[in-house]
Amino acid sequence: MADPGGTALITGITGQDGSYLAELLLGKGYEVHGLIRRSSSFSTGRIDHLYHDPHQPGARLSLHYADLTDSSSLIGHLHRIKPAEVYNLGAQSHVKVSFEMPEFTADTAGMGTLRMLEAVRTADWPIRFYQAGSSEMYGQVSETPQSETTAFRPRSPYAIAKVFAHWMTVQYRDAYGLHASNGILFNHESPRRGGTFVTRKVTRGIAAILAGQADVLYLGNLDARRDWGYAAEYVEAMWLMLQQPEPDDYVIATGETHSVRELCDVAFGLVGLDWERYVRVDERYLRPTEVDELCGDATKAERALGWRPATTFHALVRLMLDADLREAGLDATTLIVGDATG
(Lines give C-alpha, C1' and ligand atoms only; values in the text may rest on other atoms or scores of the structure.)
Protein backbone atom coordinates (compact mmCIF):
# COMPACT_ATOMS: atom_id res chain seq x y z
CA MET A 1 0.00 0.00 0.00
CA ALA A 2 1.20 3.48 -0.87
CA ASP A 3 2.13 5.76 2.02
CA PRO A 4 -0.77 8.12 2.80
CA GLY A 5 0.09 11.75 3.25
CA GLY A 6 2.40 11.94 0.25
CA THR A 7 2.21 14.23 -2.78
CA ALA A 8 -0.61 13.98 -5.30
CA LEU A 9 -1.21 15.65 -8.66
CA ILE A 10 -4.76 16.12 -9.96
CA THR A 11 -5.75 17.13 -13.47
CA GLY A 12 -9.23 18.60 -13.61
CA ILE A 13 -8.99 19.75 -9.99
CA THR A 14 -11.51 22.57 -10.53
CA GLY A 15 -14.24 20.11 -11.57
CA GLN A 16 -16.75 18.36 -9.36
CA ASP A 17 -14.63 15.23 -8.82
CA GLY A 18 -11.37 17.15 -8.57
CA SER A 19 -12.69 19.35 -5.77
CA TYR A 20 -14.00 16.43 -3.72
CA LEU A 21 -10.80 14.46 -4.31
CA ALA A 22 -8.67 17.42 -3.23
CA GLU A 23 -10.71 17.66 -0.02
CA LEU A 24 -10.27 13.96 0.64
CA LEU A 25 -6.51 13.97 0.05
CA LEU A 26 -5.91 17.12 2.08
CA GLY A 27 -7.85 15.51 4.91
CA LYS A 28 -5.49 12.54 4.73
CA GLY A 29 -2.44 14.77 5.02
CA TYR A 30 -1.41 14.91 1.36
CA GLU A 31 0.32 17.79 -0.34
CA VAL A 32 -1.97 18.36 -3.31
CA HIS A 33 -1.10 19.96 -6.65
CA GLY A 34 -3.72 20.75 -9.26
CA LEU A 35 -3.34 21.54 -12.95
CA ILE A 36 -5.68 24.23 -14.27
CA ARG A 37 -6.19 25.75 -17.72
CA ARG A 38 -5.35 29.39 -18.21
CA SER A 39 -8.48 31.49 -18.65
CA SER A 40 -9.39 35.17 -18.55
CA SER A 41 -11.94 34.36 -15.85
CA PHE A 42 -11.54 32.44 -12.61
CA SER A 43 -12.85 28.86 -12.62
CA THR A 44 -11.76 27.81 -9.15
CA GLY A 45 -15.07 28.28 -7.35
CA ARG A 46 -15.33 24.64 -6.27
CA ILE A 47 -11.95 24.73 -4.51
CA ASP A 48 -11.79 28.31 -3.23
CA HIS A 49 -12.55 27.09 0.28
CA LEU A 50 -9.47 24.84 0.12
CA TYR A 51 -7.00 27.24 -1.41
CA HIS A 52 -4.60 29.40 0.57
CA ASP A 53 -1.65 31.50 -0.55
CA PRO A 54 1.03 28.86 -1.28
CA HIS A 55 3.60 31.16 0.31
CA GLN A 56 1.80 31.01 3.64
CA PRO A 57 3.04 28.50 6.22
CA GLY A 58 1.06 25.26 6.20
CA ALA A 59 -0.43 25.68 2.71
CA ARG A 60 -0.76 22.22 1.16
CA LEU A 61 -2.69 22.97 -2.05
CA SER A 62 -0.90 24.46 -5.05
CA LEU A 63 -2.31 25.24 -8.50
CA HIS A 64 -0.32 25.26 -11.74
CA TYR A 65 -1.20 26.35 -15.27
CA ALA A 66 -1.09 23.45 -17.71
CA ASP A 67 -3.18 21.84 -20.41
CA LEU A 68 -3.83 18.24 -21.43
CA THR A 69 -3.27 19.31 -25.04
CA ASP A 70 0.28 20.49 -24.19
CA SER A 71 2.63 17.64 -23.29
CA SER A 72 5.52 19.95 -22.40
CA SER A 73 3.49 21.54 -19.58
CA LEU A 74 2.50 18.11 -18.26
CA ILE A 75 6.05 16.75 -18.25
CA GLY A 76 7.48 19.94 -16.79
CA HIS A 77 5.08 20.13 -13.87
CA LEU A 78 5.27 16.41 -13.19
CA HIS A 79 9.06 16.50 -12.86
CA ARG A 80 8.98 19.61 -10.67
CA ILE A 81 6.27 18.32 -8.33
CA LYS A 82 7.42 14.67 -8.26
CA PRO A 83 4.07 13.28 -7.09
CA ALA A 84 3.62 9.77 -5.74
CA GLU A 85 0.05 9.65 -7.12
CA VAL A 86 -1.46 11.15 -10.27
CA TYR A 87 -5.23 11.39 -10.75
CA ASN A 88 -6.20 12.16 -14.34
CA LEU A 89 -9.68 13.66 -14.10
CA GLY A 90 -9.37 16.42 -16.70
CA ALA A 91 -11.31 16.30 -19.99
CA GLN A 92 -14.19 17.80 -21.93
CA SER A 93 -16.73 15.65 -20.10
CA HIS A 94 -20.15 16.63 -21.41
CA VAL A 95 -21.57 13.94 -23.71
CA LYS A 96 -23.90 16.20 -25.72
CA VAL A 97 -21.15 18.81 -26.19
CA SER A 98 -18.83 16.08 -27.50
CA PHE A 99 -21.02 15.78 -30.61
CA GLU A 100 -20.50 19.50 -31.25
CA MET A 101 -16.78 19.49 -30.35
CA PRO A 102 -15.58 15.98 -31.22
CA GLU A 103 -11.99 16.92 -32.03
CA PHE A 104 -11.45 18.89 -28.81
CA THR A 105 -13.10 16.12 -26.80
CA ALA A 106 -10.84 13.49 -28.36
CA ASP A 107 -7.78 15.67 -27.79
CA THR A 108 -8.47 16.21 -24.08
CA ALA A 109 -10.20 12.99 -22.99
CA GLY A 110 -8.27 10.65 -25.30
CA MET A 111 -4.93 12.09 -26.34
CA GLY A 112 -4.69 14.04 -23.09
CA THR A 113 -4.59 10.75 -21.21
CA LEU A 114 -1.88 9.43 -23.51
CA ARG A 115 0.18 12.58 -22.93
CA MET A 116 -0.23 12.17 -19.18
CA LEU A 117 0.77 8.50 -19.34
CA GLU A 118 3.86 9.41 -21.36
CA ALA A 119 4.77 12.02 -18.75
CA VAL A 120 4.43 9.41 -16.00
CA ARG A 121 6.50 6.94 -18.01
CA THR A 122 9.41 9.42 -18.14
CA ALA A 123 9.58 9.64 -14.33
CA ASP A 124 12.51 8.01 -12.55
CA TRP A 125 10.52 7.61 -9.31
CA PRO A 126 7.46 5.39 -8.65
CA ILE A 127 4.09 6.92 -9.53
CA ARG A 128 0.64 5.45 -9.12
CA PHE A 129 -1.76 6.59 -11.85
CA TYR A 130 -5.55 6.79 -11.83
CA GLN A 131 -7.53 7.20 -15.05
CA ALA A 132 -11.11 8.48 -14.85
CA GLY A 133 -13.20 6.21 -17.03
CA SER A 134 -16.94 6.48 -17.66
CA SER A 135 -19.97 4.23 -17.85
CA GLU A 136 -20.68 5.92 -21.20
CA MET A 137 -18.00 3.60 -22.62
CA TYR A 138 -20.53 0.74 -22.46
CA GLY A 139 -22.90 2.63 -24.75
CA GLN A 140 -25.33 0.25 -26.46
CA VAL A 141 -24.95 -2.28 -23.70
CA SER A 142 -24.50 -5.99 -24.40
CA GLU A 143 -25.55 -7.05 -20.89
CA THR A 144 -27.06 -5.63 -17.72
CA PRO A 145 -25.67 -4.85 -15.22
CA GLN A 146 -22.29 -3.84 -16.63
CA SER A 147 -19.10 -5.09 -14.99
CA GLU A 148 -15.36 -4.86 -15.69
CA THR A 149 -15.69 -7.64 -18.30
CA THR A 150 -18.64 -6.14 -20.23
CA ALA A 151 -17.77 -5.14 -23.79
CA PHE A 152 -17.51 -1.44 -24.65
CA ARG A 153 -19.88 -0.24 -27.39
CA PRO A 154 -19.54 3.57 -27.21
CA ARG A 155 -22.17 5.86 -28.70
CA SER A 156 -20.62 9.34 -28.54
CA PRO A 157 -17.30 11.05 -29.30
CA TYR A 158 -16.81 11.43 -25.54
CA ALA A 159 -17.32 7.73 -24.90
CA ILE A 160 -15.01 6.76 -27.77
CA ALA A 161 -12.28 9.03 -26.41
CA LYS A 162 -12.70 7.48 -22.96
CA VAL A 163 -12.41 3.97 -24.42
CA PHE A 164 -9.13 5.03 -26.07
CA ALA A 165 -7.91 6.39 -22.72
CA HIS A 166 -8.96 3.20 -20.92
CA TRP A 167 -7.06 0.88 -23.21
CA MET A 168 -4.03 3.16 -23.30
CA THR A 169 -3.93 2.94 -19.51
CA VAL A 170 -4.09 -0.86 -19.72
CA GLN A 171 -1.39 -0.83 -22.39
CA TYR A 172 1.00 1.30 -20.33
CA ARG A 173 0.33 -0.90 -17.31
CA ASP A 174 1.15 -4.06 -19.27
CA ALA A 175 3.97 -2.71 -21.43
CA TYR A 176 5.86 -0.56 -18.92
CA GLY A 177 4.80 -1.95 -15.55
CA LEU A 178 3.06 1.23 -14.43
CA HIS A 179 0.81 1.09 -11.40
CA ALA A 180 -2.06 2.41 -13.52
CA SER A 181 -5.72 1.77 -12.70
CA ASN A 182 -8.97 2.59 -14.50
CA GLY A 183 -12.03 3.63 -12.54
CA ILE A 184 -15.18 3.03 -14.59
CA LEU A 185 -17.43 5.42 -12.73
CA PHE A 186 -21.13 5.46 -13.38
CA ASN A 187 -23.00 8.77 -13.13
CA HIS A 188 -22.12 10.58 -9.93
CA GLU A 189 -23.70 13.83 -8.88
CA SER A 190 -23.58 16.49 -6.17
CA PRO A 191 -24.34 20.16 -5.54
CA ARG A 192 -21.04 20.83 -7.34
CA ARG A 193 -22.20 19.17 -10.55
CA GLY A 194 -22.05 21.41 -13.61
CA GLY A 195 -25.28 23.23 -14.39
CA THR A 196 -25.65 21.66 -17.86
CA PHE A 197 -25.82 18.07 -16.53
CA VAL A 198 -29.37 16.78 -16.21
CA THR A 199 -29.49 16.24 -12.43
CA ARG A 200 -28.29 19.76 -11.73
CA LYS A 201 -30.49 21.19 -14.49
CA VAL A 202 -33.49 19.75 -12.68
CA THR A 203 -32.61 20.95 -9.16
CA ARG A 204 -31.49 24.38 -10.38
CA GLY A 205 -34.56 24.60 -12.58
CA ILE A 206 -36.85 23.98 -9.62
CA ALA A 207 -35.06 26.69 -7.65
CA ALA A 208 -35.47 29.13 -10.56
CA ILE A 209 -39.19 28.32 -10.85
CA LEU A 210 -39.78 28.82 -7.13
CA ALA A 211 -37.78 32.06 -7.19
CA GLY A 212 -39.95 33.38 -10.02
CA GLN A 213 -37.05 33.42 -12.46
CA ALA A 214 -38.43 30.75 -14.81
CA ASP A 215 -41.79 29.24 -15.75
CA VAL A 216 -40.70 25.92 -17.25
CA LEU A 217 -37.71 23.58 -17.46
CA TYR A 218 -36.49 22.25 -20.82
CA LEU A 219 -34.96 18.76 -20.92
CA GLY A 220 -34.06 16.09 -23.47
CA ASN A 221 -34.76 12.34 -23.29
CA LEU A 222 -36.96 11.69 -20.25
CA ASP A 223 -36.78 7.90 -20.63
CA ALA A 224 -33.00 7.54 -20.36
CA ARG A 225 -32.11 5.48 -17.29
CA ARG A 226 -28.90 5.99 -15.32
CA ASP A 227 -27.12 4.65 -12.25
CA TRP A 228 -26.73 7.80 -10.13
CA GLY A 229 -24.48 8.00 -7.04
CA TYR A 230 -22.91 10.67 -4.83
CA ALA A 231 -19.64 12.11 -6.16
CA ALA A 232 -18.14 12.74 -2.71
CA GLU A 233 -18.25 8.99 -2.09
CA TYR A 234 -16.94 8.01 -5.52
CA VAL A 235 -13.65 9.90 -5.12
CA GLU A 236 -12.81 7.70 -2.14
CA ALA A 237 -12.90 4.73 -4.52
CA MET A 238 -10.33 6.50 -6.72
CA TRP A 239 -8.00 6.85 -3.76
CA LEU A 240 -8.55 3.25 -2.66
CA MET A 241 -7.53 1.97 -6.12
CA LEU A 242 -4.12 3.60 -5.79
CA GLN A 243 -3.58 2.11 -2.32
CA GLN A 244 -3.72 -1.47 -3.63
CA PRO A 245 -0.52 -3.53 -4.06
CA GLU A 246 -1.39 -4.18 -7.73
CA PRO A 247 -3.18 -1.96 -10.26
CA ASP A 248 -6.51 -3.02 -11.72
CA ASP A 249 -9.77 -1.76 -13.22
CA TYR A 250 -12.94 -1.26 -11.19
CA VAL A 251 -16.59 -0.39 -11.81
CA ILE A 252 -17.92 2.13 -9.27
CA ALA A 253 -21.72 2.26 -9.15
CA THR A 254 -24.83 1.85 -7.01
CA GLY A 255 -26.42 -1.00 -8.97
CA GLU A 256 -29.74 0.90 -9.26
CA THR A 257 -31.18 2.73 -12.24
CA HIS A 258 -33.65 5.60 -12.38
CA SER A 259 -35.08 7.44 -15.39
CA VAL A 260 -34.89 11.19 -15.97
CA ARG A 261 -38.68 11.11 -15.66
CA GLU A 262 -38.33 9.59 -12.18
CA LEU A 263 -35.68 12.16 -11.30
CA CYS A 264 -38.16 14.91 -12.14
CA ASP A 265 -40.94 13.21 -10.20
CA VAL A 266 -38.81 12.89 -7.05
CA ALA A 267 -37.24 16.36 -7.21
CA PHE A 268 -40.44 18.30 -7.95
CA GLY A 269 -42.31 16.15 -5.44
CA LEU A 270 -39.93 17.26 -2.69
CA VAL A 271 -41.32 20.80 -3.01
CA GLY A 272 -44.92 19.71 -3.60
CA LEU A 273 -45.01 20.39 -7.35
CA ASP A 274 -46.31 18.27 -10.25
CA TRP A 275 -43.34 18.00 -12.60
CA GLU A 276 -45.53 17.49 -15.68
CA ARG A 277 -46.81 21.06 -15.35
CA TYR A 278 -43.29 22.49 -15.65
CA VAL A 279 -41.11 20.17 -17.74
CA ARG A 280 -40.95 20.46 -21.53
CA VAL A 281 -38.97 18.28 -23.94
CA ASP A 282 -36.66 20.26 -26.24
CA GLU A 283 -35.22 18.32 -29.18
CA ARG A 284 -32.06 20.43 -29.02
CA TYR A 285 -31.08 18.41 -25.94
CA LEU A 286 -31.48 15.02 -27.62
CA ARG A 287 -28.29 13.20 -28.61
CA PRO A 288 -27.79 11.98 -32.20
CA THR A 289 -27.17 8.49 -30.75
CA GLU A 290 -28.69 7.77 -27.37
CA VAL A 291 -27.64 5.43 -24.57
CA ASP A 292 -30.88 4.04 -23.15
CA GLU A 293 -29.82 2.49 -19.86
CA LEU A 294 -26.67 2.07 -17.76
CA CYS A 295 -26.46 0.05 -14.55
CA GLY A 296 -23.18 -0.88 -12.86
CA ASP A 297 -22.08 -3.97 -10.96
CA ALA A 298 -19.58 -2.82 -8.32
CA THR A 299 -19.13 -6.26 -6.73
CA LYS A 300 -15.41 -6.29 -7.47
CA ALA A 301 -14.86 -2.87 -5.85
CA GLU A 302 -16.74 -3.96 -2.74
CA ARG A 303 -14.74 -7.18 -2.50
CA ALA A 304 -11.27 -5.82 -3.33
CA LEU A 305 -11.47 -2.21 -2.10
CA GLY A 306 -14.08 -2.48 0.63
CA TRP A 307 -16.01 0.29 -1.13
CA ARG A 308 -19.78 0.56 -1.34
CA PRO A 309 -22.15 3.52 -1.83
CA ALA A 310 -23.95 4.95 1.19
CA THR A 311 -26.19 7.73 -0.21
CA THR A 312 -29.48 6.67 -1.80
CA PHE A 313 -30.86 8.19 -5.00
CA HIS A 314 -33.64 9.99 -3.13
CA ALA A 315 -31.25 11.35 -0.51
CA LEU A 316 -28.92 12.58 -3.26
CA VAL A 317 -31.72 14.44 -5.04
CA ARG A 318 -32.75 16.06 -1.75
CA LEU A 319 -29.14 17.06 -1.02
CA MET A 320 -28.79 18.74 -4.42
CA LEU A 321 -32.17 20.43 -4.28
CA ASP A 322 -31.50 21.79 -0.79
CA ALA A 323 -28.21 23.33 -1.98
CA ASP A 324 -29.75 24.91 -5.09
CA LEU A 325 -32.68 26.37 -3.19
CA ARG A 326 -30.28 27.96 -0.73
CA GLU A 327 -28.10 29.27 -3.56
CA ALA A 328 -31.19 30.94 -5.02
CA GLY A 329 -31.82 32.66 -1.67
CA LEU A 330 -34.80 30.49 -0.79
CA ASP A 331 -35.65 28.86 2.55
CA ALA A 332 -35.03 25.18 1.83
CA THR A 333 -36.18 24.10 5.28
CA THR A 334 -39.73 25.25 4.63
CA LEU A 335 -39.90 24.58 0.88
CA ILE A 336 -38.82 20.93 0.98
CA VAL A 337 -41.89 19.13 2.23
CA GLY A 338 -41.67 15.79 0.47
CA ASP A 339 -40.16 12.53 1.68
CA ALA A 340 -36.71 11.69 0.33
CA THR A 341 -36.54 8.16 1.70
CA GLY A 342 -37.86 6.62 -1.48
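This is a predicted model: local features need pLDDT of at least 70, side-chain atom pairs count only at pLDDT 80 or more; totals for chains, interfaces and linings use all residues.

Residues are numbered from 1 along each chain as its sequence is written, and side-chain values use heavy atoms, with hydrogens and water left out. Helices (H or I, at least four residues) and strands (E, at least two) are DSSP runs, numbered from the N terminus.

Start with the sheet. Seven strands make up an open sheet with parallel pairing, in the order S3-S2-S1-S4-S5-S6-S11. Two strands pair if DSSP finds at least two bridges between them. Strand S3 (61–65) and strand S11 (249–252) are the edges, each pairing on one side only. From one strand to the next the twist averages 20°; axes here are lines fitted to C-alpha atoms, for helices over the stretch in contact, and angles run from 0 to 180 degrees between N-to-C directions.

Strand S1 (7–11) is mostly covered, as five of its five residues are buried. Buried means under 20% relative accessible area, exposed over 50%, and partly exposed in between, with a 1.4 Å probe and protein chains only. In a regular strand the side chains alternate between the two faces of the sheet. In S1, Thr7, Leu9 and Thr11 point one way, Ala8 and Ile10 point the other way, and all are buried. S1 pairs with S2 in the parallel sense over five bridges, and Ile10 has Gly34 in S2 as its bridge partner.

Further along the sheet, strand S5 (residues 128–134) and S6 are paired in the parallel sense over seven bridges. Within this pair, Phe129 stands opposite Ala180 in S6. Helix H5 packs on the sheet and touches S5, S6 and S11, its direction making about 150° with that of S6.

The helices also meet one another. The axes of helix H4 (residues 102–121) and helix H5 (residues 157–176) come within 8 Å and cross at roughly 15°. H4 is therefore roughly parallel to H5; angles under 35 degrees count as roughly parallel, over 145 as roughly antiparallel, 65 to 115 as roughly perpendicular and the rest as oblique. The crossing of H4 and H5 is right-handed, a crossing being left-handed if the near helix is turned anticlockwise from the far one by less than a right angle, and right-handed if clockwise. Among the residues in the contact are Pro102, Ala106, Leu114 and Arg121 of H4, and Tyr158, Phe164, Met168 and Tyr176 of H5, where contact means heavy atoms within 4.5 Å. By class, the contact of H4 with H5 has 14 nonpolar, four polar and three charged residues. Ala, Val, Leu, Ile, Met, Phe, Trp, Tyr, Cys and Pro count as nonpolar, Asp, Glu, Lys and Arg as charged, and the others, Gly among them, as polar.

H4 also meets helix H2 (residues 71–81): their axes come within 9 Å and cross at roughly 35°, and this crossing is right-handed. Ser71, Leu74, Ile75, Leu78 and His79 in H2 meet Gly112, Arg115, Met116, Ala119 and Val120 in H4. The buried residues of H2 are Ser73, Leu74, Gly76, His77, Leu78 and Ile81. These buried residues pack against S1, strand S2 (31–36), S3, strand S4 (85–88) and H4. After H2 comes Lys82, with a positive phi near 55°.

Helix H1 (residues 16–27) and helix H7 (residues 231–242) have axes that come within 9 Å and cross at roughly 65°. Their crossing is right-handed. Tyr20 and Leu24 of H1 are among the contact residues, as are Val235 and Trp239 of H7. By class, the contact of H1 with H7 has nine nonpolar, one polar and two charged residues.

Two loop residues remain. Tyr30 sits in the loop between H1 and S2 and is buried, with a relative accessible area of 1%. The C-alpha atoms of Tyr30 and Gly6 are separated by 5.0 Å, although these residues are 24 residues apart along the chain. Asn187 lies in the loop between strand S6 (179–185) and strand S7 (188–189), and is buried at a relative accessible area of 17%. Leaving aside neighbours within four places in sequence, Asn187 is in contact with Ser135, Arg226, Asp227, Trp228, Gly229 and Tyr234.
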